[in-house]
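Colleague: Hi, could you walk me through this one? I'd like to start with the charged side chains.

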Amino acid sequence: MDTDIAGPSRPSAIHLEAFMLRARRLVMTLSALALAAGTGAAAAGPVQANPGAGGGVGVGTDARQLGFADCPTLSELPEGADPAKWRCEAMTATGHLTLGRVEVPIDRPLAITFAEGRVDGEFRQVFGAMAATPLRVRGTPLSITPRYGGYSDFESNDERRGELDLTFRISGPGVPRGCSIGTDAAPVHLVLKETDPSRVVSPDPLIVAFGVADNRFAAPGTSGCGRLGRVLDKVLRLPAPAGVNGIDLDARVALRSYGEVG
C-alpha cells in the first residue's frame, strides 16, 4: 500500500481511501465469483464490445472486420515468393465457445488475416493479424477475449481444415492484467475440422463460406491471475479435459491475389 507520512507511521486520508476502495472492489469481485460458482450461473451472455482491449503479437485493438488492409505486406512474404502465386485471406467467423463451465456465443466476429502461397513448390504461410471482442460471462463481472497464441496452419487436408493456437484473456474488476486461460508459452491448441463444406458467397471479390469445429481440446487452468487464480478456476471449472470444451465457427473468407495489388 502506498502511504504519505503525515505523522509517525500514519497514511494520508487520500491514500487510505484509495486503498479501501481497491479492497472493496476485490471483495465484490470475489463475492460475485463465489456466488456464480455456487449457482452454476457462469453461462453465456451478450458480447460486450471493448475497443481498448489489446491482443498479443500481431493482434488488433478491436473486432472490426479486418479486410485486405491488414494483409501481410509484399516485403513480409518469404524470399522468392511470386506475388502472382500468393494470396491474402481475410476471415471473419461467428459461433459458440465452451471452456469448462463457461458457454459464450461468439456473435461479434473473430477476424483473422493471413497470406499463403508456395516458394519452390513448398506451401508457406505468413500470419497477419487477429482481433476479437471480449465475451461476457453471464452471472459474473468477467469477460474473456480470444487472442492469437503464436501458431497457425491453415493448409487444409483430409484430416483437418486448419490448426490455430489461442489464449483467452480474462478481464473484470480486480483481475490482474496478465490473467488468462492459456499462455504464449502454453496456448490452447485447436485442430479445426470441417463441419460445413465450402460454398461461394461472392465471385468478385471471391468470398467463400464454410463451417469448422473442434470439440476435443483440453483447457488449462488460469495463469497470471494472482490471488484470484483458485477462485477463477473453481468458477470456470478449470482445468477442463478434452471432450468438455468446444468451439464451433461459421466462417467467411475473402481472397485476393497479391498480383492484384497496385
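Modeller: Happy to. A salt bridge here is a side-chain nitrogen of Lys or Arg within 4 Å of a carboxyl oxygen of Asp or Glu. This is a predicted model, where local features need pLDDT of at least 70 and side-chain atom pairs count only at pLDDT 80 or more, while totals for chains, interfaces and linings use all residues. Residues are numbered from 1 along each chain as its sequence is written, and side-chain values use heavy atoms, with hydrogens and water left out.

Colleague: Thanks! How many salt bridges does the structure hold?

Modeller: The structure holds 6. In one of them, R160 and E163 meet through their side chains, at 3.3 Å from N to O.

Colleague: And are R160 and E163 buried or exposed?

Modeller: Both R160 and E163 are buried, meaning under 20% relative accessible area; exposed is over 50% and partly exposed lies in between (1.4 Å probe, protein chains only).

Colleague: Which other residue forms a salt bridge with R160?

Modeller: That's D153, with the closest N and O atoms 2.7 Å apart. D153 counts as buried because its relative accessible area is 15%.

Colleague: What about E89, which residue does E89 form a salt bridge with?

Modeller: E89 forms a salt bridge with R87, and their closest N and O atoms are 2.8 Å apart. E89 has 8% relative accessibility, so E89 counts as buried, whereas R87, at 36%, counts as partly exposed.

Colleague: Switching topic: which residues touch the most other members in the largest nonpolar core?

Modeller: L97, L99, I112, I144, I170 and I247 do, out of 46 residues in that core. A nonpolar core is a set of buried Ala, Val, Leu, Ile, Met, Phe, Trp, Tyr and Cys residues joined through side-chain atoms within 4.5 Å. Strand β3 (residues 102-119) gives the largest share of this core, 6 residues. Strands (E, at least two residues) and helices (H or I, at least four) are DSSP runs, numbered from the N terminus.

Colleague: Nice. How do β2 and β3 pair?

Modeller: Strand β2 (residues 87-99) is antiparallel to β3, over 12 bridges; strands pair if DSSP finds at least two bridges between them. T92 has A111 in β3 as its bridge partner.

Colleague: And what stands opposite T92 in β12?

Modeller: R252 does. Strand β12 (residues 246-257) runs antiparallel to β2, and 12 bridges join them.

Colleague: One last thing: what phi does G100 take in the hairpin of β2 and β3?

Modeller: G100 takes a positive phi near 60 degrees, in a hairpin with 2 residues between the strands.
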